[in-house]
Amino acid sequence: QMHTRALIVLCFLVLCLSLSPSTAAKSPLIKGNVISNKSLKSVLASTSEVGPTFVNKMPNGGAAVAKAGMPDSVKLLIGAGGIYSAFLYYGSLQEDVFRYAAADGTQFKQAWLLQVLEALANVIVGGIGMQLTGATKGIPKKMFAVSGFTQVSAKAFTSLALANGLSFPVATLAKSGKMVPVMIGSLLLGGASYSIREYLQVAAIIAGTAIVSMGKKKGAGAPSSAMGVTFILLSLVMDGVTGGVQKKLKAETKKVGISPKPYDFMFWTNVFMCLTAIVISAGLGEVTSGLSYITSNPEIMSKIIKFALCSAAGQSFIFFTIANFDPLVCTTVTTTRKIFSVLLSIFLKGHQLSGQGWGGIALACGGILAEMEGKMNKAKKA
């Protein structure tokens, strides 16, 4: 209960920070608390754990420099520290939820119900933020509905992969290979080309993940199930579809001359994520069984509540970081966070890897870091 109250306070504090007038006034990205399309190009991106994030490319790659108020070092500590804290704990809680076993040996399998609760927490925080900054009128909600469907499906499939035996380290590394479906789709549809380096980066992530999945020590637990692997592949496919949907969403908002604010994106995307998850979880009969399981096991109830709150707090920390620094800072933090999530899971959750498995970790992390470096180099040349 103490942890839950602390997370609620954290959500409130970071919401205040991300909405503070000083942040808006000092950031070249924001004019009147609105992220301007004239001053930057923006894209939507979903992460494997947190749902939709609003990532922006600053003009000339410059970071917001404050002449007054908190020093940049303090802001970076708040932003990066918040992202690390919220999402490292988020990943740990997600793994705990699907590894939890009740007294009778049953486990929580209702992945779609979990998405309802997570999206609901984001709707509440996003709604508060949207009301405080002022809601944008005329938003093309149809595209938000499609984006919400694809994003919640990707997240639910990741949870189902964990529920069906795929280890958290393998799932997290696999989700770092989002470029695979994007590349395949672009190549099949034509009009796209990739460098040898980009192919090698993706190959390193895939190969490393495969090696890790086969690199457990004998007796260290059951191998990844076929269903678990299938669900993580479906999640990657939905990530690829989400990328295309987000491009259309960006084009739609530009066509109607609308600049949605970060909390507009957070609220509306999660509204449709929540509605989608409600319909599917109800259709699968997860609502009754899932709520019954949660109420019968208070321990897992507290984990799920904290899991949802970490998701909402992490989103706000991302907005705060983007508003004050070059988006590459946020990309660096979120990318390296995935690596630390994998290592934290291995050391704290009892995963035992052979030398081969550690070699796979090194190969996959090398691919992830190389991809991040490539993005940084492209941004510098732009």
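This report describes the fold, the salt bridges, the nonpolar cores and one surface patch of a predicted protein model.

Residues are numbered from 1 along each chain as its sequence is written, and side-chain values use heavy atoms, with hydrogens and water left out. Because the model is predicted, local features need pLDDT of at least 70 and side-chain atom pairs count only at pLDDT 80 or more, while totals for chains, interfaces and linings use all residues.

**Overall fold**

The protein chain has 14 helices and four strands. These elements are DSSP runs numbered from the N terminus (helices: H or I, at least four residues; strands: E, at least two). The chain has 382 residues, of which 54% are buried. Buried means under 20% relative accessible area, exposed means over 50%, and partly exposed lies in between (1.4 Å probe, protein chains only).

A contact means heavy atoms within 4.5 Å. Among contacts with a separation of 6 or more, 84% are between residues 24 or more positions apart. The chain exposes about 16900 Å², and carbon and sulfur atoms supply 68% of that area. Accessible areas come from the Shrake-Rupley method with a 1.4 Å probe; for residues, only the protein chains shown count as cover.

**Salt bridges**

Side chains of opposite charge can pair when their charged atoms come close. A salt bridge is a side-chain nitrogen of Lys or Arg within 4 Å of a carboxyl oxygen of Asp or Glu. The whole structure holds six salt bridges, and the table gives three of them.

| Pair | N to O distance |
|---|---|
| Lys303 and Asp96 | 3.8 Å |
| Asp96 and Lys349 | 2.6 Å |
| Glu252 and Lys255 | 3.5 Å |

Asp96, Lys303 and Lys349 are linked in a network of salt bridges. In the salt bridge of Lys303 with Asp96, Lys303 lies in helix 12 (residues 298–324) and Asp96 in helix 3 (residues 72–99), so this pair ties together parts that are 207 residues apart in sequence. Lys303 is buried at 16% relative accessibility, and Asp96 is buried at 19%.

Asp96 also forms a salt bridge with Lys349. This pair links distant parts of the chain, 253 residues apart, with Lys349 in the loop between helix 13 (327–348) and helix 14 (355–381). Both Asp96 and Lys349 are buried.

Glu252 and Lys255 are three residues apart in helix 9 (residues 226–255), so about one helical turn separates them. Glu252 is partly exposed, at 27% relative accessibility, whereas Lys255 is exposed, at 63%.

**Nonpolar cores**

A nonpolar core is a set of buried Ala, Val, Leu, Ile, Met, Phe, Trp, Tyr and Cys residues joined through side-chain atoms within 4.5 Å. The largest one has 57 residues, and those with the most contacts inside it include Ile83, Phe98, Ile300 and Ile361. Helix 5 (residues 141–163) gives the most to this core, with eight residues. Leaving aside residues up to four places away in sequence, Ile300 touches Val97, Tyr100, Phe108, Tyr293 and Ile294. A second, separate core has 20 residues, among them Phe144, Ile258, Trp268 and Ala308.

**A nonpolar surface patch**

Leu120, Ile124, Ile128 and Leu132 form a nonpolar patch on the surface, with about 380 Å² of accessible area together. Patches are made of residues with over 30% relative accessible area and no salt bridge; like charges are joined within 9 Å, and nonpolar side chains (Val, Leu, Ile, Met, Phe, Trp, Tyr) within 5 Å. Leu132 lies in helix 4 (residues 111–133) and is exposed, with a relative accessible area of 61%.
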